[in-house]
Amino acid sequence: MVRSGIGIRTAQKTSERMVGQIHVYDGEGKGKSQVALGVVLRSIGLGIQNFLESRVLLLRFLKGPGRTYDEDAAIEALQRGFPHLIDQVRTGRAEYFGANEITKFDKQEAQRGWDVAKGAIASGLYSVVVLDELNPVLDLGLLDIDDVVRTLRRKPDYLEIIATGRSAPTALLEVADLHSEMKPQHYATSEIPGLSGIEIYTGDGKGKSTSALGKALQAIGIGISQDKSHRVMIIQWLKGGKGYTEDSAIAALRQSYPNLVDHQRCGRDAIVWRGQQQTIDYVEAERGWEIARTAIASGLYKTIILDELNPTVDLELLPEEPIVQALLRKPKDTEVIITGRCKNPPAYFQLASAHSEVFNHKHYAERGVELKRGVDF
């Protein structure tokens, strides 16, 4: 019998890999750098739980001082919460430039960043190295692609490497163990222009919930920079058990910012099969939505993450119209992040100001590679 399941399998009883992998997140859609930050948070959280330090390097190409970027606030939140575990290096100039505007400085800064990266990879000091915007650096020809690929192939076995940015070159994709592409989806029309502050992440690729965690970090960081309390609510459907991918990351957030992060989960600790929904599935889905609707209307939270809401609606455990109405009435300065795959796009997708569909081009699990705590779960 073929089953169509949407529920989420726990990672509690799975074995895990010890060998680090090379991740590449590219595409025109939003969420690439956020995914990297979510993985960083997860890795740190697991290290805290196991009384082990998981040190991380955030190396940011093409993002020199003098300009504000989306992930700056999230990184500030990480550095304040875990100052001894986060190293950040920024290289490049502050403004955008194209292939016809490359200067000697651009090449020098790219090489400086790569020198730092090579040293970090060889040092054994880090469990995760994030090479943010490495993809466009290679696409612009600012670094020798053969040198980059050769270095990545020789990385220590345990090290996890994450490369982000648009236009990842073929040679990098070939050496990657995981490749997710973020593609923007557009629904806005003159009649339905889309609401500011609604982001949706869908698709079969890796990075949807992880990107949402990056947004949670960003909200907290913005509050820190403005000396304000930017509270975050994380509500998870179809995740009633333990051992899910985001557990250690959420635990790390709540440890460092206990007064700023609220977390609710609902559902059974089991996959919900289409056509085999149980009464408890409807009850739990509605319970989660009552919490979500109150949080959205209250104005108490700057960011609300509705994790796996999409498959919950796709399974017809919740109706679409109340969600549409709640989003239409949300406070202007409240951001709502909605995640999860679905076969039938619900009506509230048309309200999104940003929608990225994550496509899975390559995943090490397809080769029989086991998942790894702190990265995959």
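Leaving aside neighbours within four places in sequence, which residues is Q236 in contact with?

**Entry 1: Q236.** I worked on a predicted model. I found Q236 in strand β8, which covers residues 232-236. Beyond its neighbours within four places in sequence, I listed E246, I250, H263, Q264, R265, C266 and D307 as its contacts.

**Entry 2: salt bridges.** How many salt bridges does a search of the whole structure find? I got 27. Side chains of opposite charge can pair when their charged atoms come close.

**R60 and D72.** Their side chains meet in a salt bridge at 2.7 Å, N to O. R60 is in strand β2 (residues 56-60) and D72 in helix α2 (residues 72-81), so the pair ties together parts twelve residues apart in sequence. I noted R60 as buried at 2% relative accessibility, and D72 as buried at 18%.

**R93 and E95.** The closest N and O atoms of this salt bridge are 3.2 Å apart. R93 is buried at 17%, whereas E95 is partly exposed at 44%.

**K118 and D147.** I read 3.4 Å, N to O, for this salt bridge. The pair links helix α3 (residues 104-123), which holds K118, with helix α5 (residues 145-153), which holds D147, 29 residues apart. K118 is partly exposed at 32%, and D147 is buried at 15%.

**Entry 3: a network.** I found that salt bridges with shared partners join R60, K63, E71, D72, D132 and E133 into one network.

Definitions and conventions:
Residues are numbered from 1 along each chain as its sequence is written. This is a predicted model: local features need pLDDT of at least 70, side-chain atom pairs count only at pLDDT 80 or more; totals for chains, interfaces and linings use all residues. Side-chain values use heavy atoms; hydrogens and water are left out. Helices (H or I, at least four residues) and strands (E, at least two) are DSSP runs, numbered from the N terminus. Contact means heavy atoms within 4.5 Å. A salt bridge is a side-chain nitrogen of Lys or Arg within 4 Å of a carboxyl oxygen of Asp or Glu. Buried means under 20% relative accessible area, exposed over 50%, partly exposed in between (1.4 Å probe, protein chains only).
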